[in-house]
Amino acid sequence: MSFAFAVLCFGAVLFGVASAQQYAGDFINTTLPGVPGSEIAYWKIRDGTKGSNLTLINYINHGRDGQRLVPANLKRAVIIIHGLNRDPGTYESNMLSALSQVSDTNINPDSVAIVAPYFPNGDDKNTGGYPWINGLKPAQGSITNCLVWSGSQWSAGGMNQYPWTSSKNISSYDVLDQMLQYFDNKAMFPNINQLVVAGHSLGGQTVQRYAAIGQPGSVKTPVSYWVANPNSYAWLSTDRPLSTSSCATFDNYREGYTNFSQYPMTYGLSLVNSGRANILANFNNKAVNYARGTLDLGDDSSSCAPGTTGANRNERFFNFIKAFPPSCSDPSGNACDTVDFIASGHDGGAMMASAAGQARLFIDNFYGDRNRSYDFGYPRQQSGDDPFPNPALNQSTAATNNYTYAGQMTYWGCWSDQDPATLTNLAYEGLNNTVESCTALCASRGNTIAGTENGNQCFCGSSVGYLATQVIDSSCGTTCTGNNAETCGGANRLSLFSAGRPNISAAPGTPEVISNDWYYTSCSVDNAGRVRALGDRSTTSDSMTLEKCGNFCQGSQYFGIEYSSECYCGNSLSSSSIAASSDCNMLCSGDSTEFCGAGNRLTVYQNTTWVAPSKTSSSSAASGTPTATGPACPSSDGKTVTSGGKSFIVECGVDHAGGDLTSLSGRSACYLKSSLGAAVNNGGVWGARLMVPSTSSQTSSSTSGTTTSVRSTSVAFTSATSSTAAFTSPGTSSTSSSASAASSTVVACPTSDATTVTSNGKSFIVECGIDHSGGDLTSLSVNNFQQCIDACAQNPACVDMSLSGSACYLKSTVGEVVNNGVWGARLLTGTTSSTLVPIGSSLANPATTSTSTSLSLAPSTFSTSFAVATPSAVTCPGSNSTTYQSGGQSWLIECGVDHAGGDMGSLSASSFAACIAACASTSGCVDVSLSGSACYLKSSVGAPVYNGVWGARAISVSTSAASTTTSALVTTSSSAISATATASTQMSSTSITTFATSTSISTLSSSTASATPTALACPAGNNTLYTAPSGNTFLIECNIDHAGGDLSWSYVSSFTDCIDSCDSTAGCVDVSLAGAACYRKSTLGAAVSNGGVWGAKLVGSTSSIAVGSSSTSSA
C-alpha cells in the first residue's frame, strides 16, 4: 500500500467519524427511476441531537468508465436541488446532459461530481419514495432511517418529519451543510476547487434562502449559489416594492422573517434573531449566480406574499436585485455575483444547458485560477443588473422609446397599477388605442401625465398615486389595440408618459390633531351587534374630509368617518372595539391624503376640551317615544303611511344624505328634505320617504284641474312623536294619475327631477345628474332644457338626451348610468308611461318589434309590453342578461363580468358570437371573456370580476328563462296569458308598482322562453315593491348592498330569480345581485352604496301593505 493511499484512507476514517458520508447510509428500498450514468446512493447524515445516523437518498453520477467516482480526480462538486415535484432523477439527467455539452474535454463526469439529493414528503410513501407500513401507531409507519419532510418544508430549511425515532430536528439546510463539509475534506478530495449549490424553480427558492441564512461552518473551498427562476425570494428587509395593505402575512417566512409558524425551523435562528441587516450581510458575503429565463413570465404563488414583490417571476427578480443589488467588486474573490439572461421559459434543462448555465455550473474556477465568465445576455434591462459586465458589450441597453409626444411627454417606463389607482382618470377604453392618441387627449385636457394599460386603456393625470412603483419594462408587454408596433402597458401595469419626472402623490395618513381641538384616538369597529358606535347625528358627502366632519360635529365629544364619506357624531362610543389602525385604509372622498375609515370601520377623533352638558329633569311624556297609534320604529318599517293625501314608506334606521329644507323642533328634531340622497344607515333615525307614482312622475288634481309635479322627497326624524299621521288605506285617495300631462312650469334641474315631460307625443322622464354612456347620435346647441328634449322627441332614433351647459347630446341607446352634473331625460315607451327604455337598449333597432298584452293581476291591472327579438348580433350592453344559443348549448350573456381562473387558452375572434362559438366547439369550455379581439376560453366559472370584458357562460335554461337571443324568434304563447282590454294600470294614489311573478300567470308555453311581465331590473325598478310567489313583499334597492349576514349564494339568470331564491330560503331577508351571482342574507346590515349591486330587502307580506284597495278609476 502506498503512503499517499494510506493517508487518504486514514483521512476518510477520521472524516467519517466527524461528518456525513456518501455511500455510508442505510440501504432504503426505493423504486425511484434509474438515470443512465448515475446511481441511487445513500448518504449518512448525522442527527446531532441524538448522536445517531440517518439516511438521505440521492443520485450521484458515475465516471466515464461506469464506475464510482475517484475522489482524487474530482475538481468540482455540484449539488442540484429538485423542484416542487421532488424528481431528483430528472434533475440528475438534465445536469449530465448539460455537462456533456461543455466544450472543454477536461470537464467531464470523471472530474465533476453531480449530486441530486431527494427531499421526500408524505405523498411519496409506498409510491417509489420510501417504505411505509399501514396500521401502525400514528406517524410510526415509516420503518427505516430514511429522512422525510412534511410538505415543502425542505424548501425553507424545515425540520424532518421522519424517521419518527429521530430527534426530528434535522433541517434540510443541515443536510446541505454536511454535504458541503464532506466535499470540503481535502484529505479525501484534494483537488476540488469549486463547490456549487444549484436549484431551479422551487429548488431555486431553496438555494436563495439557504444563501441568506446558511452557515456551512469552516468550509474553505469556494462555494457559489446558482439561483434559477425562483417563484419568490426571501426578502431581506421589512419593506416591499408593492402594496402590502391586503396581505397581512407578507413578511411571514418563507417570504420574510417575521413569523415561522407555517415553516417552523431552528436552523440559523441566532442569525435571524440578530436582525435583517446581519442576514443581508451574510447573503452579500456569498457568490450568488442569478439565472433569469427571459421568457419565464409565470406565477405559481400559493399565497399573497409574492404579489407584494412583483406580479410574476420576472418582475419579482428585477425588483429583488433593485432592492438588494448584486455586486462583484473582486472577480477573483469568493463573493462575486453574476446576472445571466437566458432566452428560456420555466425550463430547468434549458437553463442548465445554456452557455450561461454551463459556465456557472461547471466551468467557472474549474482549474482553481479564479477565472469566471462575464455576465451573459445583452442588452441589459435595468440599472444595476450587470455586476460583472462584459466590457465589449456592456454599453448596449434594451431599446427605449425616445420619442416626444403631445404636451412634451416622454416615456418614463412601466409602472404598477393597484388600489388606489396610479392614475384615476380613465380617458377612454377602445380598440383604437395608441400612445399618440392617449398622450394627445391627456395633454388637451391639461394633464401632464398619460398612461396606457392592458393594450386598450388610456388614463390621464398630473400625479401618480402614492403606491405607484416603477417596474421592469418587460412587464408592459401588451401591444396597443390601435398600433401593434407600440406597447400599451399590461395587466395592472401602465406604460407611463410624462412631461418631466412624474410627480408622486404624498402618502396618506391620519393626522394626530385636527383643527386644534380634535385628537386621533383609534380605528374603531362600527355596527357591532347592528348598533352604531356613534349614533347622535350624521352626514354624508362626496367631498368628505376629516376637517369637514370635525366642523359638522362641533359640540360632540367624538366624530368618526366611515367608508370614505360618512361622518358620525356622538358623546360616547357605543358597542365599539378597537381595530387595527391598518383596517381604516380608505381614502377620504374629499382628500386623498387622509384616511377615512373603511367598511364598518371608523377613524375616530375626540375633542379633548369637550364638557358634558348639565342634566335637566324631564317628564316621561317628553321621552321622545311615539305615542298613540302613529307609526313607530321598528314595528312600522317597510309599511306605507298616508298623510296629507300623499303616501310615504317608512324606513327605520335609514337617512338620506343632503337635500335639507328645514328642521322642526319639539320633543325631538324633524328634518324635512327636498331630495332623496344616498341611503345612509343610521340607527338613530326614523325615516319616511314619499312614494313616487309608477305610472307617471306627475299627478293632476281631480278638483282643481291643475298639474303639479310630484317628486321624491323624504323626512328624517329622531325619536319623533306623531299624533296626526295614522295608517290609512292609500285607496281612499281621490287623485288620479295622468300619464300624458306635461309640466306647466319651466323644465329645469333639480326642480324637475323624476317628473315626466311630454314633447311631440312622447313622454320623457327627467333624470337630473344622470348621463348614460355611449349611443351618441349627434349634438346641437340649445337655449334651454326643453329645447334639448324637443330635439330628441323629433328624432325618431333618439331615446335619451344629456344637456351640459348649452350642449345637447342626443343618443340612440340608453347605456350604463354615469353620475355627473348633466341634465338628462330618457324616453318612456309602451302602452303606459311607466315602461322605460331599459338600460342598454335602443328603439332604433329594426330587429326588435313590440307587442302589447295586458295581464289581469288582481287587485290591479297591469299593461305590459313584450319585446320580441329577431335574429341580431349578440353585443354588449344590448344583449346583457339574455340567453344565446351556440353549438347546441345555451349561454348567459354577462356584460362587464369576467370570471377568475380556469384559463384554457386564447384566440383572436372577429366578433362576440365567434368567441362564444369557439368555446362551444372546445371540449371542457364553459365560459368566455372577450376583451377587444382577444377571446379567452375557460374550463371553470370562478369568482365574478367586474371589468370591461364581454362575458358568456354555459347554462342550463329553464322554461321560464327571461329574455333569449337565438337564431329563432322568441315568442309568447297567446293562450298562456289571461288578457284584458285594459289599456292602463288601475292603481291607488300610492302608485307602488308591484311586479308579478310567473305564478300569477295562468299558463306559460313550455316550448319557448318568454319575457316575464314587466321584467324587474335596475335602475327602472328602484324603490318599487316586488311580490314573491309566497306573497312576501320585497323593496327594490338599486345600488344598495347590506353588510354581513351572508347565508349562501348561487348563479341566477335574472333579478327575479334571485329574489325568489331568497323567498324560498328559510331565514333570508335580503338579497344582493352582482352580475349573475345572487347573495342571500339572514340579516339586514349597514346599507353600503355599490353601483354594481341590485338589492332587494324583505319588508312584509302583501296583507301588510294597503295597495289596490280602491276602486276609483283614472278615467
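Predicted model: local features only at pLDDT ≥ 70, side-chain atom pairs only at ≥ 80, totals over all residues.
Local features were considered at a pLDDT of at least 70 and side-chain atom pairs only at pLDDT 80 or more, whereas totals for chains, interfaces and linings use all residues. Residues are numbered from 1 along each chain as its sequence is written, and side-chain values use heavy atoms, with hydrogens and water left out.

The protein contains 14 helices and 59 strands, taken as DSSP runs (helices, H or I, at least four residues; strands, E, at least two) and numbered from the N terminus. Of its 1115 residues, 50% are buried, that is, under 20% relative accessible area with a 1.4 Å probe and protein chains only. The accessible surface comes to about 46000 Å², with 51% belonging to carbon and sulfur atoms (Shrake-Rupley method, 1.4 Å probe). Among contacts (heavy atoms within 4.5 Å) with a separation of 6 or more, 68% are accounted for by residues 24 or more positions apart.

Helix α7 (residues 313–323) has 9 of its 11 residues buried and is therefore largely enclosed by the rest of the structure. The buried residues are R313, N314, E315, R316, F317, F318, N319, F320 and I321, and they pack against helices α4 and α6 as well as strands β9 (287–293), β10 (338–342), β16 (470–471) and β19 (493–498). The N-terminal end of α7 is capped by N312, a side-chain oxygen of which lies 3.1 Å from the backbone nitrogen of N314.

Two of the elements that α7 packs against, α4 and α6, also pack on each other. Helix α4 (residues 202–213) and helix α6 (residues 276–284) meet at an angle of about 110°, with their axes 6 Å apart; axes are lines fitted to C-alpha atoms over the stretch in contact, and angles run from 0 to 180 degrees between N-to-C directions. The two helices are therefore roughly perpendicular, a term covering 65 to 115 degrees. Q208, A211, A212 and I213 of α4 and I279, N282 and F283 of α6 make the contact, which comprises 5 nonpolar, 2 polar and no charged residues (nonpolar: Ala, Val, Leu, Ile, Met, Phe, Trp, Tyr, Cys and Pro; charged: Asp, Glu, Lys and Arg; polar: the others, Gly among them).

A further helix pair is formed by α2 (residues 88–100) and α9 (residues 355–363), whose axes come within 10 Å and cross at roughly 100°, so that α2 is roughly perpendicular to α9. This contact involves M95, A98 and L99 of α2 together with Q358, L361 and F362 of α9, and its residues divide into 5 nonpolar, 1 polar and no charged.

Terms used: Parallel < 35°, antiparallel > 145°, perpendicular 65-115°, else oblique. Polar contact = N/O pair within 3.5 Å; in protein donor to acceptor, adjacent residues only side chain to side chain.
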